[in-house]
Amino acid sequence: MSSEQRERSPSERRDALKEVLAQARGCVRCTELAATRKTVVFGAGNADAELMFVGEAPGASEDEQGLPFVGRAGKLLEKLLAEIGLERTDVFIGNVLKCRPPGNRDPLPVEIENCQEYLLRQVELIQPTVICTLGNFSTKLLRGDPTGITRLHGQPEVIVLGARAVRLYPIYHPAAALYTPRMLQTLREDFTRLPALLALGAPEQPPQEVPDIPEPAPAEHQGPPDTEQARSETDQLGLF
Ligand code: URA
């Protein structure tokens, strides 16, 4: 990331995020996902959020609506947010994969690899202070380590993503907590620690000569636009 990029204003970063959205919408890196998706679920919320959530991948409802966490797990996420005084519009919600895996199967390693540039660009442009990973896939990806969520949940740590240090906070995935009361209890307890973590502010930042995060693939790798492109960018991003 160049120093010029670091100094972008919130509105410049928001505009750059819309460019990444446009790139993601045309992405065909994962042949199967590009052929089976109805929409690219880029993520939604506050483009200047202090708190960002990263789930796994869109499910059927998300694929239909083009928005993340709009099904049952999303309702639980909204409830837990409300319990700590936050709304969806205060945070940014995204996923490891931007396209629904058919039948809601697990993301494949190659799909995670293909999609990670979009997530890293989102982090770079939104500049959250805290990234809350929901479940195993996002936790393992952003930590670069196979340690699972059962061991890590509720324990914040500072990690460096691209050029920025962020507070990573792994918690259980709300979809898993829907069916296991004890897990829901743990998720709720972990959620209650979020306000204090946010109050710490940004962690100390690393020196600035960190290599660039590569831009997502240029136009030649990209297919025709999806039908949902008629929807305005602002609608899908849900930017505030
Ligand atoms: N589960 C996820 O991980 N992401 C969504 O967007 C919805 C459900």
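## Val54 and the strands around it

Val54 sits opposite Gly94, a residue of strand E3. Strands here are DSSP runs of at least two residues, marked E, while helices are H or I runs of at least four, and both are numbered from the N terminus. E2 (residues 51-55) and E3 (residues 92-95) run parallel, joined by four bridges.

A quick word on what you're looking at: this is a predicted model, where local features need pLDDT of at least 70, side-chain atom pairs count only at pLDDT 80 or more, and totals for chains, interfaces and linings use all residues. Residues are numbered from 1 along each chain as its sequence is written.

## The sheet

Six strands make an open sheet with mixed pairing, in the order E1-E3-E2-E4-E6-E5. E1 (44-45) and E5 are at the edges with a single partner strand each, so one side of each has no neighbour in the sheet. Two strands count as paired if DSSP finds at least two bridges between them.

At the E5 end, E5 (residues 157-161) and E6 (residues 164-171) run antiparallel, with five bridges between them. Leu161 has Arg164 in E6 as its bridge partner. The two strands form a hairpin with two residues between them, and Gly162 in the turn has a positive phi of about 60°.

## The chain as a whole

The protein chain has 12 helices and six strands. Take the contacts between residues at least 6 apart in sequence: 77% of them join residues at least 24 apart. A contact needs C-beta atoms, placed from the backbone, within 7 Å.

## Two helices side by side

H2 (residues 10-25) packs with H6 (residues 109-126) at an angle of about 170°, their axes 9 Å apart. The axes are lines fitted to C-alpha atoms over the stretch in contact, and angles run from 0 to 180 degrees between N-to-C directions.

From H2, Arg13, Ala16, Leu17, Val20 and Ala24 meet Tyr118, Arg121, Gln122, Leu125 and Ile126 of H6.

## Around the ligand

Which residues surround the ligand? They are Gly55, Glu56, Ala57, Pro58, Gly59, Glu62, Pro68, Phe69, Gly71, Ala73, Asn95 and Ala175, each with its C-beta atom, placed from the backbone, within 6 Å of it. This shell has six nonpolar, four polar and two charged residues. Ala, Val, Leu, Ile, Met, Phe, Trp, Tyr, Cys and Pro count as nonpolar, Asp, Glu, Lys and Arg as charged, and the others, Gly among them, as polar.

Phe69 lies in the loop between H4 (60-65) and H5 (72-83). Although Phe69 is not a glycine, its phi is positive, about 50°. Phe69 is also buried, as 28 other C-beta atoms lie within 10 Å.

Leaving out residues up to four places away in sequence, Tyr172 touches Gly135, Ile149, His153, Ala177, Met183, Thr186 and Leu187.

Asn104 belongs to the loop between E3 and H6. Asn104 has 13 C-beta neighbours inside 10 Å, so this residue counts as partly exposed. Its phi is positive, near 60°, in a residue other than glycine.

Note on methods. Two residues are in contact if their C-beta atoms, placed from the backbone, lie within 7 Å. A residue is buried if 20 or more other C-beta atoms lie within 10 Å of its own, exposed if 12 or fewer, and partly exposed in between; C-beta atoms are placed from the backbone.
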